[in-house]
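This briefing covers salt bridges, helix packing and surface features of one protein model. Please look over the sequence and the structure before reading the points below.

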Amino acid sequence: MLSPSFSVLMRKMRCFTSCSGSSIPLCFSTALTSSSSSFYSRFLHSNTIFAASVAEKKYPVLRAQYLDYKSTEPKLIDSMESGKEDSGLKRELYSVIEPYSSGFLKVSDLHTIYWEQSGNPDGHPVVFLHGGPGGGTSPTNRRFFDPEFYRIILFDQRGAGKSTPHACLKENTTWDLIDDIEKLREHFKIPEWQVFGGSWGSTLALAYSQTHPDKVTGLVLRGIFLLRKKEIDWFYEGGAAAIYPDAWEPFRDLIPEKERGCFVDAYSKRLNSDDLETQYAAARAWTKWEMMTARLIPNDENIKKGDDDYFSLAFARIENHYFTNKGFFSSDSYLLDNIDKIRHIDATIVQGRYDVCCPMMSAWDLHKVWPEADFKVVKDAGHSANEPGITAELVAANERLKNKIKAGR
């Protein structure tokens with residue numbers, strides 16, 4: 001016998017599915033009709049429920065809505081997206097453009113970094129922080145920004161892309177990269193700029209902004225990575241393997257069983273081997289594992305990056321170096337602990353719901369300590385910035401900041 005309040009809940013669920021044209025999943029509806037008091041209790045006391053927007057959108061964004069437990073019946077009381085403020089914003093990539101200048105900046109006795117500028121030389125400066133670390137930049141990165149409004153600055157971090165020496169781990173830490181960003185800003189005589197970063201780029205963007213909050217006009221962050229132990233363990237120690245067992249096994253099988261207690265350490269040994277072929281083999285396996293899991297729908301072109309030994313060596317060696325050293329942060333929660341330093345900065349967080357590389361738990365944790373930042377969860381995307389829904393939200397985020405700057409806000 002169902003309790004009265006549970007019957008009310010069932011009627012509301014039926015009403016929702018009738019109005020929205022959706023249906024309750026079979027396993028859930030079965031549980032409803034054959035519910036027990038324990039199921040009812042678990043349902044009413046679950047922490048959050050997530051409901052997709054009923055309205056059709058070209059690039060749908062998931063709304064996260066919470067239950068209000070103060071009343072006897074559950075009520076939806078909050079949302080991650082406002083919708084109204086996004087109407088009319090451009091959401092497609094801008095046209096292909098070429099840099100109007102490029103060059104190299106010597107940032108230490110050892111390291112020289114590649115940089116380029118495109119867009120409007122007199123526009124609002126924005127610096128793009130690539131992922132990895134070790135991933136380098138690509139021409140597509142320029143297209144997230146309005147080239148008539150933005151002065152778009154890309155650079156390859158130490159050891160990545162065109163920067164030299166290639167795949168070098170010496171003098172290569174988070175704090176070295178933060179110093180490089182400042183040297184680049186000073187080189188261009190830019191007083192302050194907008195910062196854009198995804199994946200590891202979001203890590204570096206947060207660390208840079210917290211170190212130099214007075215130099216940042218706005219932040220756009222994607223695929224949040226806080227470089228905590230649980231995030232590294234999830235992706236490299238078997239968690240994500242539950243979703244991609246076929247991609248995991250080649251990554252796993254390169255390491256003998258006796259060394260599988262910590263894959264990050266086992267790969268570190270091989271990526272720093274004296275034998276170059278050993279390095280290449282480990283780099284290919286490491287890179288392919290990430291490339292095969294980076295999108296909701298795997299992309300063959302992306303996966304082929306794992307066959308490029310030049311790219312893979314920098315990508316795998318530098319990533320592994322940072323992960324082995326815990327991002328060179330003084331604590332596991334360093335970036336969350338220092339949010340107060342950047343709370344005033346206008347920011348947008350964009351996260352794919354099905355991001356396997358940087359699962360949503362990190363974006364959610366960031367959102368909870370930084371509710372002032374806009375939080376956009378793309379319901380049909382994984383990790384990559386090049387997935388349509390994520391691309392749309394990133395372009396829109398830049399458009400919002402552009403409009404605020406134009407309005408003098």
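A residue is called buried when its relative accessible area is under 20%, exposed when it is over 50%, and partly exposed in between. D253, at 44%, therefore counts as partly exposed. The model is predicted, and the values that follow are computed from it.

**Salt bridges**

- A salt bridge here is a side-chain nitrogen of Lys or Arg within 4 Å of a carboxyl oxygen of Asp or Glu. By this rule the structure has 25 salt bridges.
- D253 pairs with R252 in one of these salt bridges, with an N to O distance of 2.8 Å. R252 is partly exposed, because its relative accessibility is 25%.
- Salt bridges with shared partners link R228, K230, E231, D365 and K368 into one network.
- D233 and K229 also form a salt bridge, and their closest N and O atoms are 2.5 Å apart. Both belong to helix α6 (residues 229-236), where a spacing of four residues puts about one helical turn between them.
- The two partners fall in separate accessibility classes: K229 is exposed at 55%, while D233 is partly exposed at 28%.

**A link between α6 and α13**

- The salt bridge between D365 and K230 has its closest N and O atoms 3.7 Å apart. D365 sits in helix α13 and K230 in helix α6, so this pair ties together parts that lie 135 residues apart in the sequence.
- D365 has a relative accessibility of 15% and therefore counts as buried. K230 has 44% and counts as partly exposed.
- How many of the ten residues of helix α13 are buried? Seven of them are, so α13 (residues 360-369) is largely enclosed by the rest of the structure.
- The buried residues of α13 are M360, S362, A363, W364, D365, L366 and H367.

**Crossing of α8 and α11**

- A pair of packed helices is described by the angle between their axes and the distance between the axes.
- For helix α8 (residues 263-271) and helix α11 (residues 309-324), the axes come within 10 Å and cross at roughly 135°. That angle makes α8 oblique to α11.
- The crossing of α8 past α11 is left-handed.

- Where does I297 lie? I297 is in the loop between α9 (276-293) and α10 (300-303).
- Is I297 buried or exposed? I297 counts as exposed, because its relative accessibility is 67%.

**Strand β4 and G119**

- G119 belongs to strand β4, which covers residues 112-119.
- The relative accessible area of G119 is 23%, so G119 is partly exposed.
- G119 and R143 are 24 residues apart along the chain, and their C-alpha atoms are separated by 9.6 Å.

Notes:
Residues numbered from 1 in each chain as written. Predicted model: local features only at pLDDT ≥ 70, side-chain atom pairs only at ≥ 80, totals over all residues. Heavy atoms only, no water. Helix = DSSP H or I, 4+ residues; strand = E, 2+ residues; numbered from the N terminus. Buried < 20%, exposed > 50% of the residue type's maximum accessible area, 1.4 Å probe, protein only. Axes fitted to C-alpha atoms, helices over the stretch in contact; angles between N-to-C directions. Parallel < 35°, antiparallel > 145°, perpendicular 65-115°, else oblique. Left-handed = near helix turned anticlockwise from the far one by under 90°.
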